[in-house]
Amino acid sequence: MIYAKLDDASALQRLDAAICEATKPKWYQRLLIIKLSATEKMSVPQLAKMFNLSADSVRSYIHKYNTSGLDALMPKSPPGCRGKITHFSKSDWRELLEQTPNQHEKLQTDSRHWTLELISAYLKAYHAISVTPPAIHLALRRVGYRTGRSKLRVGGPDPEYQTKRHQLEELTSLPRRDT
């Protein structure tokens, strides 16, 4: 049987502190496995069943802790490279999406609605970033924008369109004068 080994009382205090501060579920789960193995002497099969993990995973966590301590248990970041457009904030996306694609000369389009392909072409032409439409979809979802069918939006390339539209609405709401 393999159990986690706590060297002294300070190791238990560090483990308890790490459990209290844990914010990520996988990290919290691994810390609990170590604590239950060390203090309650729960076996690997019991822990595997309790946490719905394979016995090999539980054994691996205990072995890592016994040889290298808490730092070895920390989950690694997922593989792959960092996204090219993760630095775009919601306000950056909003600023782009409030414009229409036909306002950008380099896109050479008459379209007044953004598509993922047009956003990809915009990023390549204006920011020298080559990304696929699925990557743009994920970036938009990450900041809270949904993609799908666009809604009809009345607008124009005129920068004073909103002001003129508001003035027109005020004029049409005035009572009619009979002459």
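Trainee: How many helices and how many strands does the chain have?
Mentor: Eight helices and zero strands. Bear in mind that this is a predicted model.

Trainee: And what order do the elements run in, from the N terminus on?
Mentor: α-α-α-α-α-α-α-α.

Trainee: Now the overall shape. What radius of gyration does the chain have, and what would a compact globule of 179 residues have?
Mentor: The chain has 29 Å. A compact globule of 179 residues would be near 16 Å. The C-alpha trace spans about 95 × 40 × 30 Å along its principal axes.

Trainee: What share of the residues is buried?
Mentor: 28% of the 179 residues.

Trainee: And the surface? How much of it belongs to carbon and sulfur atoms?
Mentor: 52%, out of an accessible surface of about 13,200 Å².

Trainee: Let's go inside. Which residues touch the most other members of the largest nonpolar core?
Mentor: L31, L47 and I62. That core has 23 residues.

Trainee: Which elements give two or more residues to this core?
Mentor: α1 (9–21), α2 (25–39), α3 (44–51) and α4 (55–68). α2 gives the most, with six residues.

Trainee: Take L47. What is it in contact with, leaving aside neighbours within four places in sequence?
Mentor: I33, L36, S37, M42, V58 and I62. I62 is also one of the residues that touch the most other members of the core.

Trainee: What lies apart from that core?
Mentor: Another core, of 16 residues. Its members include L118, I129, I136 and L140.

Trainee: How much of the contact count comes from residues 24 or more positions apart?
Mentor: 51% of the contacts with a separation of 6 or more.

Trainee: Switching to charges. How many positive and negative ones are there, and how far apart are their mean positions?
Mentor: 28 positive and 18 negative. Their mean positions are 7 Å apart.

Trainee: Last one, E105. Where does it lie?
Mentor: In the loop between α5 (90–97) and α6 (116–127).

Trainee: Buried or exposed, and why?
Mentor: E105 counts as exposed because its relative accessibility is 73%, and the cut-off for exposed is over 50%.

Trainee: How far is E105 from A125, in sequence and in space?
Mentor: They are 20 residues apart in sequence. C-alpha to C-alpha, the distance is 9.9 Å.

Definitions and conventions
Residues numbered from 1 in each chain as written. Predicted model: local features only at pLDDT ≥ 70, side-chain atom pairs only at ≥ 80, totals over all residues. Heavy atoms only, no water. Helix = DSSP H or I, 4+ residues; strand = E, 2+ residues; numbered from the N terminus. Rg over C-alpha atoms; globule rule 2.2 N^0.38 Å. Buried < 20%, exposed > 50% of the residue type's maximum accessible area, 1.4 Å probe, protein only. Contact = heavy atoms within 4.5 Å. Areas by Shrake-Rupley, 256 points an atom, 1.4 Å probe, with all protein chains shown as cover. Lys, Arg positive; Asp, Glu negative; His and termini not counted. Charge placed at Lys NZ, Arg CZ, Asp CG, Glu CD. Core = buried A, V, L, I, M, F, W, Y, C linked by side-chain atoms within 4.5 Å.
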